Amino acid sequence: MSVEQAYNNHFRPEDPPRSSEVWTWFFMRLSGLALVFLVLGHMAIMHVIGGGVDRVDFDFVASRWNGALWRTYDWLLLVLALAHGALGARTAIHDHLHRKGLNRFATTALYLIVAFMAAVGTFVILTFDVSRFT
Amino acid sequence: MCWYIERLMASPIETSAYKRTLYRGGSGMWSWILHRGSGLAVLGFLFLHVLDTSLVMFGPKAYNTMARIYESALFRPLEVVLMFLVIYHAFNGLRVILIDFWSRGVRYENLLNRAVMGITLILFVPSAFIMLR
């Protein structure tokens, strides 16, 4: 089944959507699938296995971000979760906020917050240097 | 919440996906509401979580003060709620993918819904137990 076909099964086929909307819809499925593993892995490591959040402190984060592996994992998690969340919230805004001004305001605010979070998170993951504190 | 469901079920929209297939009351409607609610709640926490983690840039004192607040009795229940919302959203999302891409997905919609709840509880209950220990 093609992406367009799967999309059309749920929306009026006589009213073809913009192709950007089809790819947004498909990206939600693709990123969602990746996030199932990334987020549940993150939750298991941080909250369940090996003592949970009680053992999460500065030293824990510092040793975790010692190499590139967990920095890459965390950055992927950050970016995919923000993108998936932003597009999901965009759909919610589209569904529930019908007044044009309010809709535009909420969408703009959402994108600004998400861009800010992506910038802060990327900066922290890339530039954290434990030697500054030892 | 009830006014909201009633309004959706009484919606005059005849031509949308909503009328044709899934989203008309029952388990489909409830899973839709839970999926949206959990997604927005988790996104809200994600924003907070980016900011709290960035305290790591200000050194051990700042980060550990924040971590201790999260570990306090006040935030423990919220950690458990977050775990439930994340697990539910993950497996309900897989159900959505199955319904979209598997030709027989719609036919097994109810079964899939129960499977999602079952898997969610199987994973959630032990992890909640471990987190609250």
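Student: Which helix holds Ala115(A)?

Tutor: Ala115(A) sits in helix α5 of chain A. Keep in mind that this is a predicted model.

Student: Now the two chains. How many residues does each chain give to the contact?

Tutor: The size of an interface is often given as the accessible area lost when the parts come together. Here we can count residues instead: chain A gives 34 and chain B gives 32. On the side of chain A that touches chain B, the elements giving two or more residues are α2, α3, α4 and α5 of chain A. The largest share of that side, 9 residues, belongs to α2(A).

Student: How do the residues on that side of chain A divide into nonpolar, polar and charged?

Tutor: There are 23 nonpolar, 7 polar and 4 charged residues on the side of chain A that touches chain B.

Student: And the nonpolar core: which residues touch the most other members?

Tutor: Think of a core as a set of buried nonpolar residues joined by contacts. The largest one has 25 residues, and those touching the most other members are Val39(A), Ala81(A), Leu82(A), Leu46(B), Val86(B) and Ile87(B). Two or more residues come from each of α2, α4 and α5 of chain A and α3, α5 and α6 of chain B. The largest share of this core, 7 residues, is from α5(B).

Student: What does Leu46(B) contact, leaving aside its neighbours within four places in sequence?

Tutor: With those neighbours left aside, Leu46(B) is in contact with Ala81(A), Leu82(A) and Gly85(A). There is also a second, separate core of 8 residues, with Val56(A) and Phe58(A) among them.

Student: Last one: at what angle do α5 and α6 of chain B pack?

Tutor: For a helix pair, look at the angle and at the distance between axes. α5(B) and α6(B) pack at about 155 degrees, with axes 9 Å apart. An angle over 145 degrees counts as roughly antiparallel, and α5(B) and α6(B) are therefore roughly antiparallel to each other. Their crossing is right-handed. The residues of this contact divide into 16 nonpolar, 4 polar and 4 charged.

Methods. Residues numbered from 1 in each chain as written. Chains lettered and ligands numbered in written order. Predicted model: local features only at pLDDT ≥ 70, side-chain atom pairs only at ≥ 80, totals over all residues. Contact = placed C-beta atoms within 7 Å. Helix = DSSP H or I, 4+ residues; strand = E, 2+ residues; numbered from the N terminus. Nonpolar A, V, L, I, M, F, W, Y, C, P; charged D, E, K, R; others polar. Axes fitted to C-alpha atoms, helices over the stretch in contact; angles between N-to-C directions. Parallel < 35°, antiparallel > 145°, perpendicular 65-115°, else oblique. Left-handed = near helix turned anticlockwise from the far one by under 90°. Core = buried A, V, L, I, M, F, W, Y, C linked by C-beta atoms within 7 Å. Buried ≥ 20, exposed ≤ 12 C-beta atoms within 10 Å, placed from the backbone.
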